[in-house]
Amino acid sequence: MVEDDPDLRCLMEEALTEYGYTVVSAADGAEGLKLFETHNAIFSLVVSDLVTPKMKGKELYDNIHLLSEHTKFLFISGYQANQISQNFVLDKSFAFLQKPFDLDELAARVREILG
């Protein structure tokens, strides 16, 4: 999970853990990529904010996709006006969740994506 807001990151991690998922979290895209490079065999899904410091969601996706083209993504964002990022998500038909969202909704989307 890549989310720069520490409170939201903690809430999402706690919620998904309660649903039985193992969660590894990062504060920005660069940290998320480093964790993925170190442990990529354990990740089935990356949940990432579209706009984080050091590396945006699209760049994170591009880098992870080079390492593992089968890794699934769920992008989240609170920015309605960020058309470049939104268009990237829509063009690639990625799963997307608009902030604010209910934590149960997050868990349902994760379950849906993972099958």
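Trainee: What makes E2 largely enclosed by the rest of the structure?

Mentor: Buried means under 20% relative accessible area, exposed over 50%, and partly exposed in between, with a 1.4 Å probe and protein chains only. In E2, 5 of the 6 residues are buried, so the strand counts as largely enclosed. Strands (E, at least two residues) and helices (H or I, at least four) are DSSP runs, numbered from the N terminus. This is a predicted model, in which local features need pLDDT of at least 70 and side-chain atom pairs count only at pLDDT 80 or more, while totals for chains, interfaces and linings use all residues. Residues are numbered from 1 along each chain as its sequence is written, and side-chain values use heavy atoms, leaving out hydrogens and water.

Trainee: How do you know that E1 and E2 pair?

Mentor: Two strands pair if DSSP finds at least two bridges between them. E1 and E2 have 5 bridges, in the parallel sense. E2 and E3 also pair in the parallel sense, over 4 bridges.

Trainee: Why is Thr-38 called exposed?

Mentor: Thr-38 has 54% relative accessibility, and therefore counts as exposed. This residue is found in helix H2, residues 29–39.
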